[in-house]
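Hello,

Here is the structure you will be working with.

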Amino acid sequence: MQKLITVTVLLVSSVFAAPLLAQQDVFIKEYLERLEKSKEYLILVAETMPEDKYTFKATPESMSFAENLMHIAWAMDWHSQSLMGERKARDWNTDTELKVATKSKKEMIAAVAKNFDKTLEFISKFDVNKLEQRLDYFGANRTKRQILLLLADHITHHRGQMLVYMRLNKLKPPRYVLYQ
């Protein structure tokens, strides 16, 4: 009787767990597709802006075009590797890999592309069972799935600022492509 109950519980549990895991796998697959498109579009935006305009700021207190670009890379690293992967966060004050510093346009684009690739690889290997884990996100209790969604929003937010900077410099941004 004990074995029958155990088998029944396992069978019923698997009926409910399998669709949830499948949904999580689909979420990761769709998220990776979106992030790959976001990478392509951001790099196109970065390539379109002339290097002499990389220091442009809409207002004195704003980040420059270059700072927005590198901030996206730094935030991807922090959201994925530190929050999702639990690696110690980079120290923004001492990190040189993901800061503008004296990088050329070409070097910044290469750093952003490399960071996107690292993030894509990390997420592709992420254990979907951990998507429901919760953590503190600036005082809010969020799942790791929500962290991924916040990362996508963050990229879009700063890329939008970069597009405005292009328009303020009388440049036509690259055509928007759906699913970014």
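The notes below go from the whole chain to single residues.

Please keep in mind that this is a predicted model. The protein chain holds four helices and two strands, and their order from the N terminus is α-α-α-β-β-α. Of its 180 residues, 41% count as buried. The accessible surface of the chain is about 10600 Å², and carbon and sulfur atoms account for 60% of that. Among contacts between residues at least 6 apart in sequence, 70% join residues at least 24 apart.

Next, the aromatic rings. A pair of such rings is described by the distance of the centres and the angle of the planes. The count is nine aromatic pairs. In one of them, Tyr41 and Tyr176, the ring centres are 6.1 Å apart and the planes stand at 90°, so this pair is edge-to-face. Tyr41 belongs to helix H1 while Tyr176 lies in the segment after helix H4 (144-168), so the pair ties together parts 135 residues apart in sequence. Tyr41 is buried, at 4% relative accessible area, whereas Tyr176 is partly exposed, at 46%.

Phe122 and Phe126 have ring centres 5.9 Å apart and planes at 50°, so they form a tilted pair. Phe126 is buried, with a relative accessible area of 10%. Ring pairs also join Trp74, Trp78, Tyr137 and Phe138 into a cluster.

The charged end of Arg145 sits over the ring of Phe27, 5.3 Å from its centre. Lys29, in helix H1 (residues 2-48), is exposed, with a relative accessible area of 63%. Its C-alpha atom is 9.3 Å from that of Ile123, although Lys29 and Ile123 are 94 residues apart along the chain.

Regards

Methods. Residues are numbered from 1 along each chain as its sequence is written. This is a predicted model: local features need pLDDT of at least 70, side-chain atom pairs count only at pLDDT 80 or more; totals for chains, interfaces and linings use all residues. Side-chain values use heavy atoms; hydrogens and water are left out. Buried means under 20% relative accessible area, exposed over 50%, partly exposed in between (1.4 Å probe, protein chains only). Contact means heavy atoms within 4.5 Å. Accessible areas come from the Shrake-Rupley method with a 1.4 Å probe; for residues, only the protein chains shown count as cover. Rings of Phe, Tyr and Trp (its six-membered ring) pair if their centres lie within 6.5 Å; planes under 30 degrees apart count as stacked, over 60 as edge-to-face and the rest as tilted. A charge sits over a ring if NZ of Lys or CZ of Arg is within 6 Å of the ring centre and within 35 degrees of the ring normal.
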